[in-house]
Amino acid sequence: MALDAKQTEPPARYSQGKLIQEMEKRGLGTKSTRASIIQRLYDVKYLKNDPAEPSKLGMAIIDALTSYAPRVTTPEMTAELEGDMTKVAEGADTQTQVVDHSRALLAGMMDGLIDHKDDLSEAIADAVTADAKIGVCPKCGRDLVVKTSAKTRGSFAGCMGWPDCDVTYPLPKGRIEPIDGEAGVCPECGAPRVKVHPFRNRPYETCINPACPTNREPDIVVGECAACKAAGRHGDLVAHKSEKSGKRFIRCTNYDECGTSYPLPQRGELHATGETCPECGAPIVEVVTQRGPWRICVNMDCPSREKKALSGAQLVSTQEGVAERRVANGPRLVGAAAKVLYALAAKMRSPAPDGCPSRRAL
Ligand SMILES: [Zn+2]
Ligand SMILES: [Zn+2]
Ligand SMILES: [Zn+2]
Ligand SMILES: [Zn+2]
């Protein structure tokens, strides 16, 4: 898989099916391993989207290997190693011979890589930053990138000019795709507009600034607080979208006294129904999504929820949880890429393992 970073016109992209055919043609992988090799490239973020596209990180790895260990990038070498493996399986060659051969091949490459360790780390770090870029800071004009909070492990958009510039935004749940050019700048507030791909939901475009007029939602009274009523006072349950976090939730106007709040699905138009849940007394709201309207009891602990297994807001929040964990993994990539390279090195020094070192390294 030669990836040419210097081309100005994007080359024709392979669908995953076509990619598998191409690997077959070049003798890469076997029938049972090709799909998982491609999946692995997605997992370590060398590939993105479908049809497959190399990420900046993928390009940097290929550039680095082409410069410092050119042989490893040739399909011939991979095919050669695969061929060796087949010979062992067929009994034509011993495992020791093949391991020695692979080890010699990889040792030569590792010397080249280790000599340029610093250049490599820098190139990989730059590429990871470029992959993390989601737009331009409206305050200082530097790049806004996806960062991970050391405290919460959560992701947010932050300015590369930090600490001189303190612009940050919370990130919508899902994979964030930057939008190029003018369409990527919000005409209302100047913050980046991005395309969000929520887990298992249709993508949508949004300004990432939760305080932007395009993201504001009016407060809606969705019902009366049952806890307050029982205590002999009146409290309104209000659906509110935070200008700081962009999160939507319901809270009682007497929250300090009763502590009543409910989470809400973050997407979809919200309507009050004036109805309360027959099981628990919490308000029923209507949420209109691209798939149509649905009505939910806002109480996550409502007994009616257990009957329907995963439904409504709970399903949404579970999906968001998964997507959030995926996003949070992004910045660990420098580590992941370095690990692949150093795993190669480690295998060279360790005593003969019970298989070919190239098998795990590649
Ligand atoms: Zn800035
Ligand atoms: Zn805006
Ligand atoms: Zn209350
Ligand atoms: Zn209920």
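The model is a predicted one, so local features are kept at pLDDT of at least 70 and side-chain atom pairs at pLDDT 80 or more, while totals for chains, interfaces and linings use all residues. Residue numbers start from 1 along each chain as its sequence is written, and chains are lettered from A and ligands numbered from 1 in the order in which they are written. Helices (H or I, at least four residues) and strands (E, at least two) are DSSP runs, numbered from the N terminus.

The helix pairs come up first. Helix α1 (residues 16-25) and helix α2 (residues 34-43) have axes that come within 10 Å and cross at roughly 120 degrees. That angle makes α1 oblique to α2. Axes here are lines fitted to C-alpha atoms, for helices over the stretch in contact, with angles running from 0 to 180 degrees between N-to-C directions. The crossing of α1 past α2 is right-handed. For helix α4 (residues 75-90) and α5, the axes come within 9 Å and cross at roughly 165 degrees, and these two helices are therefore roughly antiparallel to each other. α4 passes α5 in a left-handed crossing. Handedness is called left if the near helix is turned anticlockwise from the far one by less than a right angle, and right if clockwise.

Next, the nonpolar cores. A nonpolar core is a set of buried Ala, Val, Leu, Ile, Met, Phe, Trp, Tyr and Cys residues joined through C-beta atoms within 7 Å. Buried means that 20 or more other C-beta atoms lie within 10 Å of a residue's own; exposed means 12 or fewer, and partly exposed is in between, with C-beta atoms placed from the backbone. The largest core has 33 residues, and L57, I134, V146, A157 and I208 touch the most other members. At least two residues of this core come from each of α3 (56-68), α5 (95-115), α6 (117-132), β4 (143-148), β5 (155-159) and β8 (193-197). α6 gives the most, with 5 residues. The core also draws at least three residues from each of domain 1 (16-126 + 331-361) and domain 2 (133-214), where the bounds come from an automatic or database domain assignment. A second, separate core of 18 residues includes V222, A239, V287 and C297.

Now for the sheets. Two strands pair if DSSP finds at least two bridges between them. One open sheet has 3 strands in the order β7-β8-β9, with antiparallel pairing. β7 (175-178) and β9 (204-207) stand at the edges with a single partner strand each, so one side of each is left without a neighbour in the sheet. Neighbouring strands here are turned by 40 degrees against each other on average, direction ignored. β7 and β8 are joined by 4 bridges, and I176 stands opposite V196 in β8. β8 and β9 likewise pair over 4 bridges, antiparallel, with K195 opposite E205 in β9. These two strands form a hairpin with 6 residues between them, and R200 in the turn has a positive phi of about 60 degrees.

T206 also sits in β9. It counts as partly exposed because it has 19 C-beta neighbours inside 10 Å. T206 and K195 are 11 residues apart in sequence and 6.5 Å apart in space, C-alpha to C-alpha.

Another open sheet has 4 strands, ordered β10-β11-β12-β13 and paired antiparallel. Its edge strands are β10 (220-224) and β13 (261-263), each pairing on one side only. On average, neighbouring strands of this sheet are turned by 25 degrees against each other, direction ignored. Strand β12 (residues 248-252) and β13 run antiparallel and are joined by 3 bridges; F249 stands opposite P263 in β13.

Finally, strand β15 (residues 283-289) and strand β16 (residues 292-297) pair in the antiparallel sense over 6 bridges. The two form a hairpin with 2 residues between them. I284 has C297 in β16 as its bridge partner, and C297 is also among the residues of the second core.

Terms used
Parallel < 35°, antiparallel > 145°, perpendicular 65-115°, else oblique.
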